[in-house]
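I opened my notebook to write down what I looked up in this structure, one topic at a time. Have the sequence and the model beside you as you read along.

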Amino acid sequence: MNTTKGEIQPGVDFQEPHTRQDEESLKGFVERILAEAKRQGATAAEVAAGDDIGLSVVVRSGDLETVEFSRDRGFGITVYLGNKKGSSSTTDISDDSIRESVEAAVNIARYTEPDPYSGLADPDRLATEFPDLDLYHPRPMDVDEAKESALIVESSAESVDSRIFKCDSSRIGAASACTAYGNSLGFIHAERESRYNMLADVIAKDSDGMQRDYWYSTSRNAAELDSPTSVGETAANRALKKLDPRPIPTGEYPVLFDRGIASGVIGHLISGLGGRAQYLKSSYLLDSMNKKIATDALTLREHPHLKGALGSRSYDSEGVATTEKPFVEDGVVRNYVLSSYSGRHLDMPTTGNASGVCNLTVEADLQPIEDILKQMGTGLLVQSLMGQGVNIVTGDYSRGAAGYWIVDGEFAHAVDELTIAGKLDDMFMRLVAFGDDVDLRNSIRTGSLLVESMTVAAN
């Protein structure tokens, strides 16, 4: 049994919550680093620091396999000498380490080429208001409690059906983080956040072979996690449904992306709208501002201030205020995804997305999945994807896939070892239905997505 890394001592069975005092202490730590950067000649500087505490418990075959307590502290410093930039980071928070890390960043900056686009965010873009986003729900959790929950996950999965070979592992995790960001423009802020998760990894077996699947629940509030019984049973049923895969003919079919992978499909579009892809001219959506790139039915809007959501934040990694905004509205591009650096390349202001998108939400006419299956008729429901066959430069899309064959709107049988292919621009133009089964477990919030037609090749 693994027991520890970092500063937590073996046998300490709790998740230590952070306090307001920790926030103030971390802000003071950042101020010390900024002062050292100024002392060493930096014309500007920014610092991100963090203190993370975590507990992870893994159960396998009724036994407690792994217990891991962790505590990770550290900081990253970026300094500017005019338009010359240097960065360094360390997990050593001693005074000597602060001095040496700043010195390393300054030395790097001295030998880099000037970059007219580099530098801190524009002062008028920095956050000045910090609403309570309800991100921190500390809850003591000892190993015995976590083990008991993991055992329930495992037993629930294994009791669903005799064809469940085993729950290969069940995992319970809890984490508390205190982070701070500050820069030489006078911006400094600290915040706390929590995250809890529960996962089951299940193997089903019949005369034709084995199939594996999983399910997980994650939330900032432990009380809002799915129950251990639900997580175990869901994982088991997903694995069972994959048994006895059968072949299908190659052809053009409607393709329904399951909610668990639909966020990745939306993510490809967002990558194409990314500032770096735009200024490097490496996007199939190059120069697409105010142009139609998807069906009229699709709006993608960012909601960074949703209370308790996993993607919520009041400012990005540059201290820039986050705001609600559409990236795509009625199928038309309204914003790129910009940091200060990429925005300067494009002669545009930052959108406050140096840390990525925040609760990007598919806004459309959402339908029950049963109605979408009826609309689909006969086609492929993709439940998992393999490979990296997505080219953001050309928009070519080709991925290995597995899932379920749908006939007359009903589940017929499992399928695997397929390839689905198309062009991203066609796929988004041919989105014809949006599921109300919205997955809230990451920063892109979407339900299942139905594409009118794609090439499905059986291997």
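This is a predicted model: local features need pLDDT of at least 70, side-chain atom pairs count only at pLDDT 80 or more; totals for chains, interfaces and linings use all residues.

**Entry 1: salt bridges**

I began with charged side chains and found Arg-60, Glu-65, Lys-166, Asp-168, Asp-201 and Arg-212 linked in a network of salt bridges. For my search, a salt bridge is a side-chain nitrogen of Lys or Arg within 4 Å of a carboxyl oxygen of Asp or Glu. Residues are numbered from 1 along each chain as its sequence is written, and side-chain values use heavy atoms, leaving out hydrogens and water.

How many salt bridges does a search of the whole structure find? I noted 28.

To describe their surroundings I used relative accessible area: buried means under 20%, exposed means over 50%, and partly exposed lies in between (1.4 Å probe, protein chains only). Arg-60 is partly exposed at 26%, and Glu-65 is partly exposed at 36%.

Then I turned to Arg-238 and Asp-213, which form a salt bridge with the closest N and O atoms 3.5 Å apart. This pair links distant parts of the chain: Arg-238 sits in helix H4 (residues 228-241) and Asp-213 in strand E6 (residues 209-219), 25 residues apart. My helices (H or I, at least four residues) and strands (E, at least two) are DSSP runs, numbered from the N terminus. Are these two partners buried or exposed? Arg-238 is buried, with a relative accessible area of 16%, and Asp-213 is buried at 4%.

**Entry 2: helix H4**

I stayed with the helix that holds Arg-238. H4 has 14 residues and reaches 20 Å from its first C-alpha to its last, close to the 20 Å expected at 1.5 Å a residue. The expected span is 1.5 Å times one less than the number of residues.

I listed the buried residues of H4 as Pro-228, Val-231, Gly-232, Ala-235, Ala-236, Arg-238, Ala-239 and Leu-240. They pack against helix H3 (143-158), strand E4 (164-183), strand E5 (188-206), E6, E13 and E14. Contact here means heavy atoms within 4.5 Å.

**Entry 3: helix H8**

Which residues of helix H8 (residues 369-376) are buried? I wrote down Ile-372, Leu-373 and Met-376. Seen down the axis of H8, these buried residues fall within an arc of 100°, so they line one face of the helix. The arc is taken from the directions from the helix axis to the C-beta atoms.

Among the elements that the buried residues of H8 pack against are strand E7 (251-257), strand E13 (379-386) and strand E18 (449-458). After H8 comes Gly-377, whose phi is positive, near 75°.

**Entry 4: nonpolar cores**

I then looked for nonpolar cores, meaning sets of buried Ala, Val, Leu, Ile, Met, Phe, Trp, Tyr and Cys residues joined through side-chain atoms within 4.5 Å. The largest has 46 residues, and those with the most contacts inside it are Phe-257, Leu-269, Ile-420 and Phe-428. Helix H5 (residues 259-272) gives the largest share of this core, six residues. Apart from it lies another core of 29 residues, among them Ala-150, Cys-167, Ala-174 and Ala-200.

**Entry 5: an open sheet**

I traced an open sheet of five strands in the order E10-E9-E8-E11-E17, with mixed pairing. Its edge strands are E10 (332-333) and E17 (444-445), each pairing on one side only. Two strands pair if DSSP finds at least two bridges between them.

Two bridges join strand E9 (residues 325-329) to E10, and these strands run antiparallel. Val-328 has Val-333 in E10 as its bridge partner. I also noted a salt bridge between the side chains of Glu-329 and Arg-334 (3.5 Å, N to O).

Most residues other than glycine have a negative phi. Asp-347 is not a glycine, yet its phi is positive, about 60°. Asp-347 lies in the loop between helix H7 (340-345) and strand E11 (360-363), and it is exposed at 74%.

Asp-408 also has a positive phi, of about 50°, although it is not a glycine. I found Asp-408 in the loop between E14 and strand E15 (410-423), exposed at 63%.
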